[in-house]
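Thanks for passing this one along.

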Amino acid sequence: MDDGRTSSLARTDLASATGVRAVSSDGAAVTGRALDCLAAGLLVARRGVIEYANPRAHALLGRALLVGTAFAELGLGTDVAASGEPARFELEIQPAGQPPRQLGFTISSCGDDPHGETRLVLFQDISQLATLRTERDRLLQLAAINAVLPSILHEIRNPIGAITTTIEVMIEEAPAATQADLHAILTVLRQLSLTLQGVGAVGRELRCDRPCVVDLPIEEAARVLEAKARSRGVALVCRVESMPLLQLDPAVLRAIVGNLVENALAATAAGGRVLVTAHYGGGVFRVRVRDNGRGMDPQTLAHATDLFFTTKPLGSGIGLSLCARAVQTAGGQLRIDSHVGLGTTVDIELPIASDR
Ligand SMILES: Nc1ncnc2c1ncn2[C@@H]1O[C@H](COP(=O)(O)OP(=O)(O)OP(=O)(O)O)[C@@H](O)[C@H]1O
Ligand SMILES: [Mg+2]
């Protein structure tokens, strides 16, 4: 290829710099053809200005003209490691009218250049690799949680079980005046126990083999958080229609709704309202948790379901991510509609057959 975008000077340098040695009489032409077919982008720059770009480089960078362009204009540095080793880095670019892509660059100095002013830049589209890497990191994080969570839950649940049993025995023998207090303690302990079941459950499968009652666990999830809502001055209203038995795990459902209500309460100031509704119709199970709290800005909304994304000083950023995953794995969708200052609505829609 010689379309004016390639200087013969650079092409001759390339033959030596890239080790592509010509065997025909027209060595430069053979080298040029080899570089034209290269699956990676290749740039050669002298004193920070591009002198050669192969066709793949134009395609990857989404630019028709590269020769004569300053390196810096592309957001590329010209530094190589002090040791002379090639420098490697990644850059996300968005060519006009095309989706963003992740490019991986290797910059090396040209061996034959006595002044050390020539740079060879080899680069490839590593978008797929970047996606795989993100997914790998996410799975590693999940694996870490999965590994430690059961032992933490075990350590907490056991003493709670022991305390609950002790209180139950004490109630029978206690004078009437103390009984009311003990009942109150027992209620809190049972709520705590339900919540802990939920912590482990939200990472489990939402669908199950047997038909289960689904309205009750939703109401329970809200009831457990009623005291918290009251203490914050927020009205927590739960309107759950009676539903047929569905093949959904009640503990997972309780955990999902519990997480959504916790989030809604955390975002809602005194005087505000959190409304939980659920119904089943037309073969679709629907749950909605709506608050009129502070809402999310577009950046928060975009990342709300990312694992470990949190805007709370003591948040873990796990809740919404696991809820969304559980619903999606079950074949449903979790949608969030949120506006700063107006509030947030989280909708779960899950197509599921009923026996009725
Ligand atoms: N109802 C809501 N209103 C406003 N922001 C919300 C709401 N629900 C979630 N968010 C935002 O989404 C982020 C992620 O929520 P998520 O439940 O995953 O984690 P978290 O609540 O921060 O921590 P945790 O893992 O303890 O639940 C929150 O930190 C918050 O910024
Ligand atoms: Mg949360």
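1. First, the overall picture. Please keep in mind that this is a predicted model. The protein chain has ten helices and twelve strands, and 40% of its 356 residues count as buried. If you look at contacts between residues at least 6 apart in sequence, 60% of them join residues at least 24 apart. The accessible surface of the protein chain is about 19100 Å², with carbon and sulfur atoms contributing 55% of that area.

2. Next, the ligand site. Ligand 1 is surrounded by 19 residues, and the closest are Asn263, Thr310, Thr311, Lys312 and Ser316. The side chain of Asn263 places an N or O atom 2.8 Å from an oxygen atom of the ligand. Backbone atoms take part as well: an N or O atom of the Gly317 backbone lies 3.1 Å from a ligand oxygen, and a polar backbone atom of Leu320 is 2.8 Å from an oxygen atom of ligand 1. On its own, ligand 1 has 600 Å² of accessible area, and the protein covers 90% of it.

3. Leu320 leads us to helix H10, where it is one of the buried residues. How much of helix H10 is buried? Eight of the eleven residues in this helix, which spans residues 319-329, are buried, so the rest of the structure largely encloses it. Besides Leu320, the buried set includes Gly319, Cys323 and Val327. The cover over these buried residues includes helix H4 (127-173), H8, E11 and E12. After H10 comes Gly331, which has a positive phi near 95 degrees.

4. Now the salt bridges, of which the whole structure has twelve. As a reminder, side chains of opposite charge can pair when their charged atoms come close. One that I would show you is Arg254 with Glu220, whose closest N and O atoms are 2.7 Å apart. Arg254 belongs to helix H8 (residues 250-267) and Glu220 to helix H6 (residues 215-224), so this pair ties together parts 34 residues apart in sequence. Arg254 and Glu220 are both buried.

5. Arg101 and Asp125 meet through their side chains in a salt bridge, at 3.9 Å from N to O. Since Arg101 sits in strand E4 (residues 101-109) and Asp125 in strand E5 (residues 118-125), the pair ties together parts that are 24 residues apart in sequence. Arg101 is buried, at 15% relative accessible area, whereas Asp125 is partly exposed, at 36%.

6. Another strand pair brings back E11 and E12. Glu349 and Arg335 form a salt bridge, again with 3.9 Å between N and O. Glu349 is in strand E12 (residues 343-351) and Arg335 in strand E11 (residues 333-339), so parts 14 residues apart in sequence are tied together.

7. A word on the cysteines. The count of disulfides is zero. Cys208 counts as buried, with 15% relative accessibility, while Cys37 counts as exposed, at 67%.

8. The side chain of Thr268 reaches the backbone oxygen of Ala264 at 2.6 Å. Setting aside neighbours within four places in sequence, Thr268 contacts Arg232, Val234, Arg273, Val274, Asp291, Asn292 and Gly293.

Note on methods
Residues are numbered from 1 along each chain as its sequence is written. Chains are lettered from A and ligands numbered from 1 in the order in which they are written. This is a predicted model: local features need pLDDT of at least 70, side-chain atom pairs count only at pLDDT 80 or more; totals for chains, interfaces and linings use all residues. Side-chain values use heavy atoms; hydrogens and water are left out. A salt bridge is a side-chain nitrogen of Lys or Arg within 4 Å of a carboxyl oxygen of Asp or Glu. Helices (H or I, at least four residues) and strands (E, at least two) are DSSP runs, numbered from the N terminus. Buried means under 20% relative accessible area, exposed over 50%, partly exposed in between (1.4 Å probe, protein chains only). A disulfide is a pair of cysteine sulfur atoms within 2.5 Å. Contact means heavy atoms within 4.5 Å. A residue is near a molecule or strand if one of its heavy atoms lies within 4 Å of it. A polar contact is a pair of N or O atoms within 3.5 Å; within protein, one must be able to donate a hydrogen and the other to accept it, and residues adjacent in sequence count only if both atoms are side-chain atoms. Accessible areas come from the Shrake-Rupley method with a 1.4 Å probe; for residues, only the protein chains shown count as cover.
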